[in-house]
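Trainee: I have a model open and would like to learn how to read it. Could you walk me through it feature by feature?

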Amino acid sequence: MTIAELAPPVGEPLTLAEARAHLRVDDTADDPVIADLITIVRDHLERTTGLVLIARSFRLYLDRWPDASVLEIGRGPVISIETITGYDALGAPFEADMTGFVLDGGSLPARLFLPAALETVRPVNGIEIDFTAGFGTTGTEVPASLKRALLLHLALLYAFRGAVAPGDQPADVPAGYDRLVAPFRRLRL
C-alpha cells in the first residue's frame, strides 16, 4: 500500500501573521525563513501522525483487493472518495461502481467499507483509490491543539535557525509538543 500526494496544499495551517505574532517578530525581513519553517513543521506533524491538516488530493495504490471488508486509509481525516480504478486484462483502466461503499473518514485511521472485491489483472498497483483528506481548506479548521503544537515547534526551529541547516530541520521538537499531538497519533502494537 502506497499513498501519493496528487497536489500540494493550497495554503498552510498557520499564516505568516499568526507565526510573526507568536514569535514576536514585527518586521518582514525573516518572512521567507518563517514561511519555510511553517511548511517544515506542518510536514513533520503530518508525517508523524498520518494527519492531513489542509485538504488536498491523494491516491492510494493497492496491489490487490484486501481480504477484509474494511480498508484502513493511512491519511486522514478523509473527506471523500473520488474514484476507485482497476485495470482490465488489456491494461486499460476502468472505474469501479461505488454503490454500497461506506466511508468512515473521521476515525483514526479512516476506514472504507468495501462491499465487493474489484478484480484487476495488474500485479503491482492494480487498484488506485483517489481521495481527498484534511481538516479543511484553511488553518481555521485545524484543531487548536495541533495549531499550538505547530507554533511551539516553529518557535523552537526559529530560535535555532542559524545553528541547524535548513535541510536538517526539524532538529528537535519542543517540550509539550508530544502531549498536544498525542490524541491524534496512531499507535500500533
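Trainee: At what angle do helix 1 and helix 2 pack?

Mentor: Two packed helices are described by the angle between their axes and the distance between the axes. Here helix 1 and helix 2 pack at an angle of about 100°, and their axes are 10 Å apart. An axis is a line fitted to C-alpha atoms, for helices over the stretch in contact, and angles run from 0 to 180 degrees between N-to-C directions. That makes helix 1 roughly perpendicular to helix 2; angles under 35 degrees count as roughly parallel, over 145 as roughly antiparallel, 65 to 115 as roughly perpendicular and the rest as oblique.

Trainee: Which residues make the contact?

Mentor: Contact means heavy atoms within 4.5 Å. Helix 1 contributes Leu-16, Ala-19, Arg-20 and Leu-23, while helix 2 contributes Asp-31, Ile-34, Ala-35 and Ile-38. Sorted by type, the residues of this contact are six nonpolar, no polar and two charged. In that sorting, Ala, Val, Leu, Ile, Met, Phe, Trp, Tyr, Cys and Pro count as nonpolar, Asp, Glu, Lys and Arg as charged, and the others, Gly among them, as polar.

Trainee: Before we go on, what kind of model is this?

Mentor: This is a predicted model, in which local features need pLDDT of at least 70, side-chain atom pairs count only at pLDDT 80 or more, and totals for chains, interfaces and linings use all residues. Residues are numbered from 1 along each chain as its sequence is written, and side-chain values use heavy atoms, with hydrogens and water left out.

Trainee: What is the mean pLDDT of the chain?

Mentor: pLDDT is the predictor's confidence in each residue, from 0 to 100. Where pLDDT is low, the predicted coordinates should not be read in detail. For this chain the mean is 89, and 94% of the residues reach 70 or more.

Trainee: How many helices and strands does the chain have?

Mentor: Helices (H or I, at least four residues) and strands (E, at least two) are DSSP runs, numbered from the N terminus. The chain has four helices and eight strands, and their order from the N terminus on is β-α-α-β-β-β-β-β-β-β-α-α.

Trainee: In what order do the strands of the open sheet lie?

Mentor: Two strands pair if DSSP finds at least two bridges between them. The open sheet has three strands in the order 3-7-6, with antiparallel pairing. Strand 3 (70-73) and strand 6 (102-104) are the edge strands, each pairing on one side only. From one strand to the next, the twist averages 20°.

Trainee: Which residues of strand 3 are on the covered face?

Mentor: Leu-71 and Ile-73 are, whereas Val-70 and Glu-72 form the uncovered face.

Trainee: Is Arg-24 buried or exposed?

Mentor: Buried means under 20% relative accessible area, exposed over 50%, and partly exposed in between (1.4 Å probe, protein chains only). Arg-24 is exposed, at 75%. Thr-132, which lies in strand 8, is buried, with a relative accessible area of 16%. Leaving aside neighbours within four places in sequence, Thr-132 is in contact with residues including Arg-56, Ser-57 and Pro-77. Of the 189 residues of the chain, 42% count as buried.
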